[in-house]
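This report walks through one protein model for a reader who is new to structures. Please look at the model first, then read on.

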Amino acid sequence: MAVRSAIRNLQRQLQAWRRDFHRFPELGFQEKRTAQKISEYLTAWGIPHTTGIAHTGIVATIYGQDSTGGKVLAIRADMDALPIQEANLIDYRSQIDGLMHACGHDGHTAIALGTAYYLSQNRHSFRGTVKIIFQPAEEGPGGAKPMIEAGVLHDPDVEAIIGLHLWNNLPIGTVGVRSGALMAAVELFDCQIQGRGGHGAIPQQTVDAVLVGAQVVNALHTIVSRNVDPLDSAVISIGRFQAGSAHNVIADTAEIGGTVRYFNPDLSELLSSRIEEVIKGICFAHGATYNLNYRRLYPAVINHEAIANLVKTVAESVNEPPLGIVPECLTMGGEDMSYFLQAVPGCYFFLGSANPDKALNYPHHHPRFDFDETALGTGVEIFVRCVEQFCQ
């Protein structure tokens, strides 16, 4: 890795920050200790910052050698953890029962802190201004939108934004970056089907909610294959089907819950309307009624071509062959970085962090998730080089 010595020398500190955050995970909008630690570091380094944005968010502002005439670049890092019981037997395992940093946000926070520290010590290396956004609640219900509504992209106005996700789907030494869609839109729905219960031996007196629900589930799975252009990608997955309480009782109600994912924003209305049409038609055919609650969580993560090319160029200069850049790195996972990318041009990218030789390749949201911490210094180097090139 072409990581400069000043950043290599930060590796031990990056690891210490990350492990401290890992020991004390906090859920979305509850990241009080995490935010306090970040604020303490920024204060010690003389970096002006604002706290308490969208409950626990922080924005740090670092001025280069010509902040009045230069560009303004934002860097975003998320801070929250997940309601997962950690299974790793490591000395920095979570000290909070039932909570765990199982997605790498502890590493994102450490990388952003390292970037802030380096830039504050090397203001001569860039012109303009860098705003580092420490965001709460990416895992839900979403902290990006309320931070934007609070004005974090103004005063001064941000011209572009970048962010990264440590990614155990890619090996250490790689970067996944591309223009256009990178991560999918995330939408959720819950549907309660109301039938008429009765005795299992006398079905003609009932409207079987299980039967109706089963046909709804089967039919929903045909929407993508028969209503979506095969050149587009979309997913409708049913994750919950609950009904009934006894072997000989026909259920009165059935509850179905699922998620919808897609890249093309034009699919949003098509998918949501077809889901309701399918449910409505099947319920009508069987004499049942329904109540549908459909929610749009996050839009798709769509990278701006120019900023994606900047990140790609930088990553190519940092990551040495034969690994390097992975352009075809789309995932149906979602991210509320998408709201920032709707507001200003930007790029979100994946930083490979898996190392199977060290058993550091468990998937995200797994109780044994962990990553190769050498990726931390690489993340700082990429962020710093993006600043130096964008804010010339």
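In which loop does H365 lie? H365 lies in the loop between β16 (346-354) and α11. Helices (H or I, at least four residues) and strands (E, at least two) are DSSP runs, numbered from the N terminus.

The model is predicted: local features need pLDDT of at least 70, side-chain atom pairs count only at pLDDT 80 or more, and totals for chains, interfaces and linings use all residues. Residues are numbered from 1 along each chain as its sequence is written, and side-chain values use heavy atoms, with hydrogens and water left out.

**Loop residues**

H365 is not a glycine, yet its phi is positive, at about 70°. H55 also has a positive phi, near 80°, and is a residue other than glycine. H55 sits in the loop between β1 (49-53) and β2 (57-63). How much of each residue can be reached is given as relative accessible area: buried means under 20%, exposed over 50%, and partly exposed in between (1.4 Å probe, protein chains only).

| Residue | Relative accessibility | Class |
|---|---|---|
| H55 | 61% | exposed |
| H365 | 40% | partly exposed |
| G173 | 5% | buried |

G173 is in the loop between β5 (160-171) and β6 (174-176). Its C-alpha atom is separated by 9.6 Å from that of N355, although G173 and N355 are 182 residues apart along the chain.

One runs from G140 to P141, with omega near 5°, and P141 lies in the loop between β4 (129-135) and α5 (144-149). The other runs from D155 to P156, with omega near 0°, and P156 is in the loop between α5 and β5.

**Nonpolar cores**

A nonpolar core is a set of buried Ala, Val, Leu, Ile, Met, Phe, Trp, Tyr and Cys residues joined through side-chain atoms within 4.5 Å. The largest such core has 63 residues, and L42, I132 and F134 touch the most other members. Helix α11 (residues 374-390) gives the most to this core, with nine residues. Of the 17 residues in α11, 14 are buried, and the helix is mostly covered. How far apart are the end C-alpha atoms of α11? They are 25 Å apart, which agrees with the 24 Å that its 17 residues should span at 1.5 Å a residue; the expected span is 1.5 Å times one less than the number of residues.

Contact means heavy atoms within 4.5 Å. Leaving aside residues up to four places away in sequence, the contacts of F134 include I38, L42, I58, M79 and M147. A second, separate core has 28 residues, among them A185, V228, I275 and L292.

**A four-stranded sheet**

Two strands pair if DSSP finds at least two bridges between them. Four strands form an open sheet in the order β10-β12-β8-β13, with antiparallel pairing. β10 (234-243) and β13 (289-298) stand at the edges with a single partner strand each, so one side of each has no neighbour in the sheet. Strand β8 (residues 185-194) is joined to β13 by nine bridges, and N293 in β13 is the bridge partner of D190.

Two helices are placed against these strands. Axes are lines fitted to C-alpha atoms, for helices over the stretch in contact, and angles run from 0 to 180 degrees between N-to-C directions. Helix α8 (residues 267-286) lies across β8, β10, β12 and β13, at about 165° to β13. Helix α6 (residues 209-220) touches β8, β10 and β12 (253-262), and its direction makes about 170° with that of β10.
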